[in-house]
Amino acid sequence: MAEQNAPQALTPDMDDPRYPTQITVFCDHCGTKRTGEYMVREGMTSQERLDVARTHLVQNEGWEHTGDGDDFCPTHAGSDAKGDVQ
């Protein structure tokens, strides 16, 4: 019987048009960066791909994305530090 924590090979789903890509988002206050693998579709623009990463970070990791396009790590999300952006 295989161990529960043993590495497993990924089996691609040929019916899923998405593929993994690495995307990095930077905090516009302190420069902290978060790089992750995100599933995107062929034909997505760079902005649409970045939005995939931003959505994940906002919903799961406490990041904030503002309407004017700034991104803030959990330390600076919702803080007054945003006004100090250089």
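Predicted model: local features only at pLDDT ≥ 70, side-chain atom pairs only at ≥ 80, totals over all residues.
User: In what order do the elements of the protein run from the N terminus on?
Analyst: The protein has one helix and four strands. These are DSSP runs numbered from the N terminus, a helix being H or I with at least four residues and a strand being E with at least two. Their order is β-β-α-β-β.

User: Which residues make up the largest nonpolar core?
Analyst: A nonpolar core is a set of buried Ala, Val, Leu, Ile, Met, Phe, Trp, Tyr and Cys residues joined through side-chain atoms within 4.5 Å. Here the core has ten residues: Ile23, Val25, Cys27, Tyr38, Val40, Ala53, Leu57, Trp63, Phe72 and Cys73. At least two residues of this core come from each of β1 (18-26), β2 (33-41) and α1 (46-60).

User: Does Thr66 count as buried or exposed?
Analyst: Thr66 lies in the loop between β3 (64-65) and β4 (71-72). Buried means under 20% relative accessible area, exposed over 50%, and partly exposed in between (1.4 Å probe, protein chains only). Because its relative accessibility is 16%, Thr66 counts as buried.

User: What percentage of the 86 residues in the protein is buried?
Analyst: The share is taken over the 86 residues in the protein. Buried residues make up 20%.

How values were computed
Residues numbered from 1 in each chain as written. Heavy atoms only, no water.
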